[in-house]
Every structure is written in C-alpha cells, then in structure tokens.
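Biologist: Before we look at the model together, could you take me through how its strands and domains should be read?

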Amino acid sequence: MGPAEIKETILDILEGIAPDEDLSGLKDDVPLREQLELDSMDFLDIVMELRKRYRVQIPEDDYLELATMNSTVNYLTPLMKDLEKV
Amino acid sequence: MSSYDTIIIGAGLSGLAAGIRLAHYDRRVCILERHTTIGGLNSFYRLGGRNYDVGLHAVTNYTPKGARKGPLARLLRQLRFRWEDFALVPQIGSQIAFPGISLNFTNDFELFRSEVHQAFPSERANFDKLSAAIMDYDDLDGALASQSARSIVGGWIRDPLLIDMLFCPLQYYGGAREHDMDFGQFSIMFRSIFQEGFARPWSGIRQILKNLVRRFKELGGELRLRAGVQRMEVDDDRVSRIVLDDGSEITADRVLSSAGLVETLAMVDRQPARTPQPGQLSFVEGIAVLNEQPQNLGCDRSVIFFNDSDKFRWQKPEEFVDVASGVVCLPSNFKFDRPLEDPMVRVTALANYDQWRSLPPADYQAAKQAAYDRIMNVVGRFIPEYRTRTVASDMFTPMTVERFTGHANGAIYGSPEKRKHGTTHLKNLFLCGTDQGFVGIIGAMFSGIMIANRHVLGTVSNDSVTTDLEQVAAAGVDF
C-alpha cells in the first residue's frame, strides 16, 4: 500500500483506540501526543495493532518516528509498500 | 486437558478487563470464576423482584465526556470503549459529616475547596498546598509513595479534625490497612474522590459488567462460571498445572489471579519464604428499599461519610459492628434523567469478622437483624421517616463477603500488603485486582489492564518491544 492507504490505516487504528475523538481535524505535522493527549500506553497500542494487522515489527528505537502523522507515514512507507490493506 | 496462553482467576472487573486486553491481541485466554455469576466484589443480584448492586456506592474517578486525561479516559482507550458505554451520571453532591461540622463536595473541586476554606480558615494555604502537590504527584514508585500518608499530610495540615475529615472518605473507599495508608494511595484516592468525583450508571454496576463480558466474548475469550481453582501445582518456580474444584485440569503459560494475595497463595503448592498477612478490615452493609425517592423525603446527598466520635478511628472493631462512623449512600441522588425504580439507602460500617465467624449458625440471623437495626439508625438523621417508608431490606456481613468472593476475613479491600507490580514468588503467576493495589471501579479495571500489558503482552513477543512495554506499563501507573 502507498502513503494514502497507510494514513487511512493509522486513522483507523486511532479511531479504534479513541472512538470518542473526531479525527477529521487532525493535523499531519503536529505531534499526535499533543493533539489527542495520547500517552505511552496508547503509542504501544498503535505498534501492537500494526503488528496484529500487518505483522509489521517496529523496533523500540524507532518509536519516535511515530510522533506525527507525516513522520509515521514516511517511516512506514518502505515497510508496508508490499502489503495489501485489510 | 485444555491449554491456554493465559488463565485469569476471577471474573470481576480486573479479571474481565485483563481478559479483554489479552483477547484483543489474540491470546488464548480463559477466565475461571468459582461463583455462579460475574462481578466478584462488585456484582449484582435480584431479590424479591428487585435489582441490587453488591457493593457499588459510586464510581470514583469520574471525568466528563471529552476529557482525555485521567484514569477513566485512559481506561476507555485501552479497552476501546466509548464514554457512553459506561453511562456514567454524575452525583448531585456528597458530604463529610463530623460532630458539629460538615464539608460538602461535588465533582467541582472548587466547591470542596471553598467548603474547607470556610470551615478551616487557618488551614486555607495549607490545604491549597496539599491539593496542588497531589494534583501534580505522579511518582508512585518514588520514595514518598510508600511513606505514611498520616505523617506526610500532617506535615502540611495542622488541624487534626481536618486531617480526619479528609481521611474518612478515602479510608472507607479503599483503606486496606488500619489507621493509615501509604501516601501514593492517598494521592490517587484524593484525586479520584475530590478532584475527579462520583458518578453512577442508572442501572448500576450491571451496565459496566455487561459491556465487559460482552466484549470479552466477542473477542473470543472464554468464560467459565462455577469453575473454582482448587489448587495450582508448581514445577521449577512456575505454575505447571491448574486443578479445578471438579478435579479437571488445565495448563497455561501464565496465570493472572484476582483472587487476592493470601487467597492465591493458598492455591499454590509451594509457599514463599514469608507469609503475607490477610486483611483485618471487614464491613456490614444494610440496604433499605424505600417507597419514595429520598429527595422527596428531604435528602439530596449522594454519599454521606459520617463520624460521631472525637477522633475518626479506622480499625477493626471489638464488637460485631462499629456504629461510630460509616457511609450512607443514596443511589437515587445522581443526576439521572429518570428516577430509579427502586430508591434505596445503603449504610456501610466497620465489622469484626471473628465475632461473626464464631456465631453459632442458629444465632446468625438474629445477629444480622440486630446489626441491621443498629447501623440503619443513622439514616433517621437524614431521612426522618425512612422506617415507615421501607418496603424491603437486605444486608451483608463479613460472612457474606467471604462466602461469595472468597476474600479471607471478609476483607473487602484485601491484604494491607499490596503488590504494585503484580509479581509473586512464581515466575508465571501474577496478581491483579484488589491486592495489586488500585481501588474503586476504575482502579480495578485499570489494574487488570496494567498487569496484562506488563506481564503478558510485554513478554510474549520475542522482539524488542518487550522491554519497552515494561517501561510503558510502569509509566501506566502514573495516574
């Protein structure tokens, strides 16, 4: 999948984690932590959801790459380019 | 023989929440519950055509919809629930009533602050300093956390009466230890009761439990009722086999037990070097069903914590019950948009387990009736005509608690010794729930989540997530 589908996947995961949030106004270049008050347990859930759904392994040293939507998509693009969106 | 990734002992709030986390991440998980129904210390039942909650007065830690911080918001995200799923409705207002002085509080901390300022003018600055320190305090592993709350709070506040009035609700809603609690717990509870606040679903604890159990089953989790654990066999520092009451056997990689510290150790073959102490504090609770809403009878308080003696005493009484202090709860007095079908008043007081235990069976009912009459007397202060308005009643004693929850000594808040990290002397046996140390409805569920994250989701993978998950789980304690 490409960057657009990866973004959709992340939004889908975020919607699952925080069903009460309106994600339509989410800014791609502002840290998710700031916008949604996500804590470290929530970030781990994003990592675990990616592993559960796509078997994508994200090493601990790379967690900082998940700071904003843009950085997350950039980071995941090479890792997920050969995967089909589910 | 059945085999699971994780066995959870106890289908209460913590066990169910842990089960949801594990089932969501595709672990093969089974919850074993000895009782015929779910809920544990926070269950529900029907009697004479009416619905009763077992223990629920109020859900603490209430934050309104849209709040992103605090234990409730974090819990909803971890369990993937919407705020509406728990249908929490805030309290009207509660009270701490001591001789000649009372403090009201609502879910707006400013009101409580002004009540304290008015009643204790000389403590204004001290109280503000204390509450600011608690608001910011998030280091539950720090040096302060395990120290005596009485001594730390006493360093800020001078008036022993105000100290007692602050301690009274906190002790009643989670004090496992006599006289005192640790400062970490004091901080969590001060926030959950005074800075966040009380709420209640219209249909009581059912609302929350039914959501939990439905979700757990949808995710593929298995729940077995009438499936008590008789013993756990130990092989090389690990639980190797679980034997049920009916003699059948189960194996699992890990066991999370919400049965309590002493109660769980009683199931395992091999004991730790040092035996922990069971809890000593138990309670009686009387419930009177009224034929009129309390507000129409002159009482609009949601919960009243009362103390009638010079000094508030949090200790095991000598007698069957101690009526010097207690809690009056009026479940109708929350901001519901329709009245409760069965208005009730519940009164909780400290009780002596040994006295109840040693009663000859023939005398139990009479003792129960006598205790009911004594503890319910206090209701007359708030609802003068409650006796003639009572249409049904029920009561639990320490024996009831022990019988239905398995808690040693009928100690609702468990052992004074808590295991914050959930570990035991066995490598694959962990504790969640009461004796892990988080209290209240939200705290119990959070306990299950934290222990599942830390000890199961964090150790199953063979990649580098392991260590980070443990750090994250540790950080998860910080509310």
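Predicted model: local features only at pLDDT ≥ 70, side-chain atom pairs only at ≥ 80, totals over all residues.

Biologist: In which sense do strand 10 and strand 11 of chain B pair, and over how many bridges?

Modeller: In general, strands of a sheet pair through backbone hydrogen bonds, either parallel or antiparallel. Here strand 10 (residues 229-235) and strand 11 (residues 238-244) of chain B pair in the antiparallel sense over 6 bridges, with B:Val229 standing opposite B:Leu244 in strand 11.

Biologist: What is the strand order in the open sheet of 7 strands in chain B?

Modeller: The order is 7-6-14-15-16-13-17, and the pairing is mixed. Strand 7 (101-105) and strand 17 (390-396) of chain B stand at the edges with a single partner strand each, so one side of each is left without a neighbour in the sheet. Neighbouring strands of this sheet are turned against each other by 20 degrees on average, direction ignored.

Biologist: How many bridges join strand 6 of chain B to strand 7 of chain B?

Modeller: Strand 6 (residues 94-98) and strand 7 of chain B run antiparallel and are joined by 5 bridges, and B:Phe98 stands opposite B:Ile101 in strand 7.

Biologist: Which domains does the assignment give for chain B?

Modeller: The assignment gives domain 1 (2-53 + 205-277 + 414-475), domain 2 (94-196) and domain 3 (280-409). The contact between domain 1 and domain 3 of chain B takes 13 residues from domain 1 and 10 residues from domain 3.

Methods
Residues numbered from 1 in each chain as written. Chains lettered and ligands numbered in written order. Domains from an automatic or database assignment. Contact = placed C-beta atoms within 7 Å. Pairing = 2+ DSSP bridges. Helix = DSSP H or I, 4+ residues; strand = E, 2+ residues; numbered from the N terminus. Axes fitted to C-alpha atoms, helices over the stretch in contact; angles between N-to-C directions.
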